[in-house]
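Please consult the sequence and the structure shown below while reading.

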Amino acid sequence: MDTHVTDAPAASSSATAEETPWLSTREQQFWRAHLEVSKLLEYQLSRELQPHNLAINDYEILVVLSEQPERRMRMTDLATATLQSKSRLSHQITRMESAGLVLRQECPGDRRGLFAHLTDEGWNTLQRVAPDHVRSVRSHFIDRFSPDQLDALYEALAPVAEHLRTLRGRA
């Protein structure tokens with residue numbers, strides 16, 4: 001996704017190329033470093049979950065469900081919480097059901113609503129895998145920063161996350 005152009009292309013939207021606030025070289029470097037770190041970190045964390053027969057999205061679902069009352073959540077809310085489409089989440093929950101990690105349960109009073117419920121096997125899996133995952137997160141990300149850098153990064157990223165949640169309707 002190139003966001004820095006030296007020779008502006010022909011306008012293809014309402015704003016002309018001359019009006020586009022192209023990124024400076026410094027901004028472009030930061031943007032690309034952010035994209036690379038995000039992709040590489042997710043790739044590495046995913047690799048390290050493979051021996052546990054989990055994908056990074058499986059792990060996220062286990063964590064989200066573990067934090068809910070009764071370890072269950074409406075499927076629509078779980079899709080929103082994990083930034084997945086309802087369709088994609090449904091396929092993923094089907095795979096996780098086959099592995100015994102979650103169950104779908106009907107919502108009382110809502111014939112169309114379903115809960116995803118963390119099973120005891122899912123809970124045990126999370127408890128077994130979490131220490132390795134946390135070590136990976138620490139090794140590949142957290143420990144790469146000083147406490148002051150972590151504070152500064154949080155202060156910088158929290159408003160961006162809030163802005164994007166607002167756009168998505170999750171503020």
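## Backbone, burial and salt bridges

L83 counts as exposed because its relative accessibility is 59%, over the 50% cut-off. This residue lies in the loop between helix 3 (75–81) and helix 4 (86–98). The phi angle of L83 is near 55°, a positive value in a residue other than glycine. The model discussed here is predicted.

The loop between helix 3 and helix 4 also holds S85. S85 is partly exposed, with a relative accessible area of 42%. S85 and V129 are separated by 44 residues in sequence, and their C-alpha atoms lie 26 Å apart in space.

R71 likewise has a positive phi, of about 55°, although R71 is not a glycine. R71 is found in the loop between helix 2 and strand 1 (72–74). With a relative accessibility of 26%, R71 counts as partly exposed.

### Confidence

The mean pLDDT of the protein is 91, and 90% of the residues score at least 70. Confidence is highest in helix 5, at 98, and lowest in strand 3 (residues 110–118), where the mean is 88.

### Helix 1 and its cover

Helix 1 comprises 25 residues, numbers 25–49. At 1.5 Å a residue, helix 1 should span 36 Å, and this agrees with the 36 Å between its end C-alpha atoms. Which residues of helix 1 are buried? They are Q28, L41, L45, S46 and L49. The cover over the buried residues of helix 1 includes helix 2 (56–66) and helix 5 (120–140).

T125 is a residue of helix 5. Is T125 buried or exposed? T125 counts as buried because its relative accessibility is 3%, and buried means under 20%. When neighbours within four places in sequence are left aside, T125 is in contact with L54, L62 and L101.

### Salt bridges

A search of the whole structure finds five salt bridges.

| Salt bridge | N to O distance | Relative accessibility of each residue |
|---|---|---|
| R104 and E97 | 3.0 Å | R104 25%, E97 28% |
| R135 and D132 | 2.5 Å | R135 51%, D132 31% |
| E162 and R165 | 2.8 Å | E162 34%, R165 32% |

In the pair formed by R104 and E97, the side chains meet at 3.0 Å, N to O. R104 is partly exposed at 25% relative accessible area, and E97 is partly exposed at 28%.

R135 and D132 both belong to helix 5, where they are three residues apart, about one turn of the helix. The closest N and O atoms of R135 and D132 are 2.5 Å apart. R135 counts as exposed because its relative accessibility is 51%, and exposed means over 50%. D132, at 31%, counts as partly exposed.

E162 and R165 both lie in helix 6, again three residues apart, about one turn of the helix. Their closest N and O atoms are 2.8 Å apart. E162 counts as partly exposed at 34% relative accessibility, and R165 is partly exposed with a relative accessible area of 32%.

### A nonpolar surface patch

Which residues form a nonpolar patch on the surface? The patch consists of V160, L164 and L167, which together have about 300 Å² of accessible area. L167 is placed in helix 6 (residues 147–168). L167 counts as exposed because its relative accessibility is 62%, and exposed means over 50%.

Terms used
Residues are numbered from 1 along each chain as its sequence is written. This is a predicted model: local features need pLDDT of at least 70, side-chain atom pairs count only at pLDDT 80 or more; totals for chains, interfaces and linings use all residues. Side-chain values use heavy atoms; hydrogens and water are left out. Helices (H or I, at least four residues) and strands (E, at least two) are DSSP runs, numbered from the N terminus. The expected span of a helix is 1.5 Å times one less than its number of residues. Buried means under 20% relative accessible area, exposed over 50%, partly exposed in between (1.4 Å probe, protein chains only). Contact means heavy atoms within 4.5 Å. pLDDT is the predictor's confidence in each residue, from 0 to 100. Patches are made of residues with over 30% relative accessible area and no salt bridge: like charges are joined within 9 Å, nonpolar side chains (Val, Leu, Ile, Met, Phe, Trp, Tyr) within 5 Å. Accessible areas come from the Shrake-Rupley method with a 1.4 Å probe; for residues, only the protein chains shown count as cover. A salt bridge is a side-chain nitrogen of Lys or Arg within 4 Å of a carboxyl oxygen of Asp or Glu.
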